[in-house]
Amino acid sequence: MSMSNGQWKMENVKCERSEPVIHGVCNGENERSEPGRLESGGVDNGRLNKFIKTKDGSFTLKSEKYNECYHSSEGAYTESLYKHVLPGYTVAEKFDYYGGEIRILDICFGLGYNTLTALLHKPKNVKLKIFSPELDLKLIKSLKHFKYPEKFENLLSVINDISRNLYYKSDNVEIEIFNGDAREYVKKLSDIHIVYQDAFSPKVNKELWTMEYFKNISEILHKNSIITTYSVATPVRCAFYKLGMNIYTHPYDEIRKGTIASYAKLDFPKVDFEEKLKRVKCITY
Ligand SMILES: C[S@@+](CC[C@H](N)C(=O)[O-])C[C@H]1O[C@@H](n2cnc3c(N)ncnc32)[C@H](O)[C@@H]1O
């Protein structure tokens, strides 16, 4: 729905994020979101006039710059929960919550679903420190008007603080948004326990999927850390493999599979990547 000549009108928006075919490695199965028609709605408020309703009822946007949606059509909230937040906390619990403070790197902030869902499901008696780069300052500033799921209603002050100051702090939570290039920001961090790797697809956001980028990420990880991503592309998994990481998928049926990478052995379903490499070359982006 959008405002035109003073009247609301419904629109259908196609929401798709694809990963390219490179060097004969076909990743056609790796699209983040199914092609499909999604309901869109919104308010007359600049770029936020194109809210797109995903299958779980939560809203996302489509980026004009990248020509991709910020989330899969399966559900903006559902994707954050099952692909990123629950796997991350499962591993954090296995390692005794890293002594009581979990340090999360959210690549990149976008509409903030991953960070906000992490807050919503924060384990009791644990501190959270979230670091999140984001190039698009205008987007962050506009988030106080975004139509978030009702379950985020207690997080309104967090959203407002982030939108105004790129920062939020309470007794148990600290969130820092860096307005700039993620590649530079990550070099300043250390001892990260969980990485939500949630850039746009490699096709349009290539700099955040290269071997060099993942090598830089690997250098700031705690030894029992985990990287979660929606991507199941061979070049992405290959980067993790070349870094000596184990490759898993999440165990949930609620949403399509993604990839979980970790130096530590985990209890998630394992991807037999060596078997795959008998058939395809290990090429990274
Ligand atoms: C798919 S969206 C992230 C969605 C977000 N995780 C959420 O849950 O709403 C990708 C975001 O990465 C940002 N971005 C892309 N390249 C970047 C870079 N090199 N440095 C920082 N931010 C970048 C885009 O502006 C966009 O907001």
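**Group meeting: a walk through the predicted model**

What we have is a predicted model, in which local features need pLDDT of at least 70 and side-chain atom pairs count only at pLDDT 80 or more, whereas totals for chains, interfaces and linings use all residues. Residues are numbered from 1 along each chain as its sequence is written.

Asp96 sits in the loop between α1 (76-94) and β9, and its phi is near 50°, a positive value in a residue other than glycine. Tyr98 is found in the loop between α1 and β9 as well, also with a positive phi, of about 50°, but Tyr98 counts as partly exposed, with 18 C-beta neighbours inside 10 Å. As background, most residues other than glycine have a negative phi, and most peptide bonds are trans.

Stepping back to the whole chain, the protein has eight helices and 16 strands, where helices (H or I, at least four residues) and strands (E, at least two) are DSSP runs, numbered from the N terminus. Of its 285 residues, 43% count as buried. If we call two residues in contact when their C-beta atoms, placed from the backbone, lie within 7 Å, then residues 24 or more positions apart account for 65% of the contacts with a separation of 6 or more.

Now to the sheet. Eight strands form an open sheet with mixed pairing, in the order β11-β12-β10-β9-β13-β14-β16-β15, and two strands are taken to pair if DSSP finds at least two bridges between them. The edge strands are β11 (167-169) and β15 (246-248), each of which pairs on one side only. On average, neighbouring strands of this sheet are turned by 15° against each other, direction ignored; for such angles, axes are lines fitted to C-alpha atoms, for helices over the stretch in contact, and values run from 0 to 180 degrees between N-to-C directions.

Within that sheet, β10 is largely enclosed by the rest of the structure, because six of its eight residues are buried. β10 pairs with β12 (residues 173-179) in the parallel sense over seven bridges, with Leu128 opposite Val173 in β12, and five bridges join β10 to β9, again running parallel, with Glu101 opposite Lys127 in β10. Helix α2 lies across β9 (101-107), β10, β12 and β13 (192-197), and runs at about 175° to β10.

Further along the sheet order, β14 and β16 run antiparallel and are joined by three bridges, and β15 and β16 are likewise antiparallel, over three bridges. Ile260 in β16 is the bridge partner of Thr228 and also of Tyr248. Both faces of β16 are covered, with Thr259 and Ala261 buried on one side and Ile260 and Ser262 on the other.

In α6 (residues 211-218), Tyr213, Phe214 and Ile217 are buried, and, seen down the axis, the buried residues fall within an arc of 95°, so they line one face of the helix; the arc is that of the directions from the helix axis to the C-beta atoms. What covers them includes α5, β13, β14 (221-229) and α7 (234-242). By contrast in layout, α7 is mostly covered, with eight of its nine residues buried, and these pack against α6, β14, β15, β16 (259-262) and α8.

Finally, the ligand. It is surrounded by 22 residues, of which the closest are Cys108, Gly110, Leu111, Tyr113 and Ala182, a residue being near a molecule if its C-beta atom, placed from the backbone, lies within 6 Å of it. The elements that give two or more residues to this shell are α2 (113-120), β10 (127-134) and α5 (182-185). The shell divides into 11 nonpolar, five polar and six charged residues, where Ala, Val, Leu, Ile, Met, Phe, Trp, Tyr, Cys and Pro count as nonpolar, Asp, Glu, Lys and Arg as charged, and the others, Gly among them, as polar.

Terms used:
Buried ≥ 20, exposed ≤ 12 C-beta atoms within 10 Å, placed from the backbone.
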